[in-house]
Each structure stands twice: as C-alpha cells, then as structure tokens.
Amino acid sequence: MCGRYASTRSPEDLAQLFRVTEWHPEEALEPSWNVAPTDDVWAVLERRPRGAGEDAPPARMLRPLRWGLVPSWAKDPRTGARLINARVETVHEKPAFRRAFVKRRCLLPSDGFYEWEQVRDETSGKVRKQPYFIHPEDGGVLALAGLYEFWRDPAVKDDDDPAAWLLSCTIITTEATDAAGRVHPRMPLALPPDHYDTWLDPRHESTDDLRALLVQPAEGHLAARPVSTAVNSVRNNGPQLVEERT
C-alpha cells in the first residue's frame, strides 16, 4: 500500500512540469514531507472548463483534492479514509473505483513515498518497523497514477456553493519492484511522461487500453534509504524526514 508520501514542489513548478493550463493561486498547499490520508494533495487532471460546450476539449488543471476517495454514492465522507489505495489488479472492477477509472483519472505529483520494513534487533530480538524513503534515482518527480471523484454533500442545498462538493482521490498500487520491492511487497504506480496524455484525457474510455498504461513503476529507476521513525507521526513534517538515518 501507499500510506505516506512527500510532495514539496511549488504549484508553479508543477504547472510547468505537467503542462497545466489552469490553476488558481488562491488554492495554495504548503510543501509536505509527510502527506497522510485525508490531507489535501495536488492532483493533475483534465476536465472541460465549466460552461464550455460538449465539443470543447478538456483543459489540464492543477487542483487540490482530499486523499481518500469518497464514492459519489457514499452516505458519509468518512468512507474515504478506507479508500486511499486501489489495487491495479482490480481497480477496473471494484464498485468504488470502476466509474472513476473510465472517466476521472489523475496524476498525483510526489517526490517519493515511504514504506516500512520489519527489522529484528540483533541484541534484544524485538521486531521494529524501519521506515524507508523511496524516490527516483535522478531526484525527479513521480507522477502517481490516481483516480478522483465528486461527492455531493446533502446538507448543502445550493449546487453552486463550493461547500456542496468534495473532491477526493485514491492512489493506484501495484507489486513492488526494484529498491521498493526489498522493503515492501506493494507500492504506488507511477506513470512515465509518455503516458500522461492518454491517462489524463477523459475521452479515452477503453479499459484495456487504460490498463495497458499501468506498467512497471517509474521504469524501475528507484532508490531507497532508511529514514527516521519521526515520519511515523503525522504531526512531524520538514525536510529532515527524508534524510538518511543509519
């Protein structure tokens, strides 16, 4: 699974990197080295601009979404806390994800993610969980494959009230490879740049074609380093969390 990650790039940098054409400076998010479920996160997605005609092409947007997908049919937004990840093997079939897989796909920019390995202390014999920060070898940005969804809050009467709608997302995971596979059996699935356009375009609805895009994460070019257990607490944040600890 993917339960924590780092996302520290500025929206200006992300807009340039992902060729975003629409984002709103007032929707600011602080850099985070300890992104946790239910946090707001940056997402790159494509939708037709509001008020545009049916023939209008989708615009590429940078939006803050809440991590933990809330299906449109959910009775309570707390459902999202259980849906932070979607397995690539079944994402196209599960009721919570299958409509979003066809219609509402996104990319979640990340500097890297955390996984935990069980380690036995040679002196005491006790087992502890050692966190690792797993990141691109070249220091680049991972584009984590995700889905997003709209949830309508029935307590808000006006559809045009921004509070009426919750936008949430989930991260697609796969079997871990390379450095990540030595730490944990699952990992988030990152797409290469040549897959961005097809993945984001809502006009592509072929399940088989979309699943063909979900291949080896980050093309296998990942590195892992042990980091402080301070990352275990969501209250801790800052660049010190990704520094190597021995």
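Residues are called buried at under 20% relative accessible area, exposed at over 50%, and partly exposed in between, with a 1.4 Å probe and protein chains only. On this scale Trp165, with a relative accessible area of 37%, is partly exposed. The model is a predicted one, in which local features need pLDDT of at least 70 and side-chain atom pairs count only at pLDDT 80 or more, while totals for chains, interfaces and linings use all residues. Residues are numbered from 1 along each chain as its sequence is written, and side-chain values use heavy atoms, with hydrogens and water left out.

Tyr114 is buried, at 0% relative accessibility, whereas Trp116 is partly exposed at 22%. Another pair, Phe150 with Trp165, is edge-to-face, at 6.4 Å centre to centre and 85 degrees between the planes. Phe150 belongs to strand S9 (residues 142-152) and Trp165 to strand S10 (residues 165-175), so this pair ties together parts that are 15 residues apart in sequence. Helices (H or I, at least four residues) and strands (E, at least two) are DSSP runs numbered from the N terminus.

A charge sits over a ring if NZ of Lys or CZ of Arg is within 6 Å of the ring centre and within 35 degrees of the ring normal. The charged end of Arg152 lies over the ring of Trp165, 5.7 Å from its centre. For Arg105 the ring is that of Trp199, at 5.6 Å from the centre.

A nonpolar core is a set of buried Ala, Val, Leu, Ile, Met, Phe, Trp, Tyr and Cys residues joined through side-chain atoms within 4.5 Å. The largest has 29 residues, and Leu107, Leu147, Trp199 and Leu214 have the most contacts inside it. Helix H1 (11-17), strand S3 (40-47), helix H2 (98-103), S9 and H4 each supply at least two of its residues. A second, separate core of 27 residues includes Val35, Trp67, Leu167 and Leu222. With contact meaning heavy atoms within 4.5 Å, and residues up to four places away in sequence not counted, Trp199 touches residues including Phe101, Arg105, Cys106, Ile172 and Leu210.

Arg105 is also touched by Asp201, which contacts Glu46 and Pro58 as well, again not counting residues up to four places away in sequence. Asp201 occupies the loop between helix H4 (196-200) and helix H5 (207-212) and is buried, at 10% relative accessibility.

What of the cysteines? With a disulfide defined as a pair of cysteine sulfur atoms within 2.5 Å, a search of the whole structure finds zero. Cys2 is in no disulfide, and the nearest cysteine sulfur, that of Cys169, is 11 Å away. Cys106 is in no disulfide either, with the sulfur of Cys169 as its nearest, 5.5 Å away. Cys2 is buried at 0% relative accessibility, and Cys106 is likewise buried at 0%.

How values were computed: Rings of Phe, Tyr and Trp (its six-membered ring) pair if their centres lie within 6.5 Å; planes under 30 degrees apart count as stacked, over 60 as edge-to-face and the rest as tilted.
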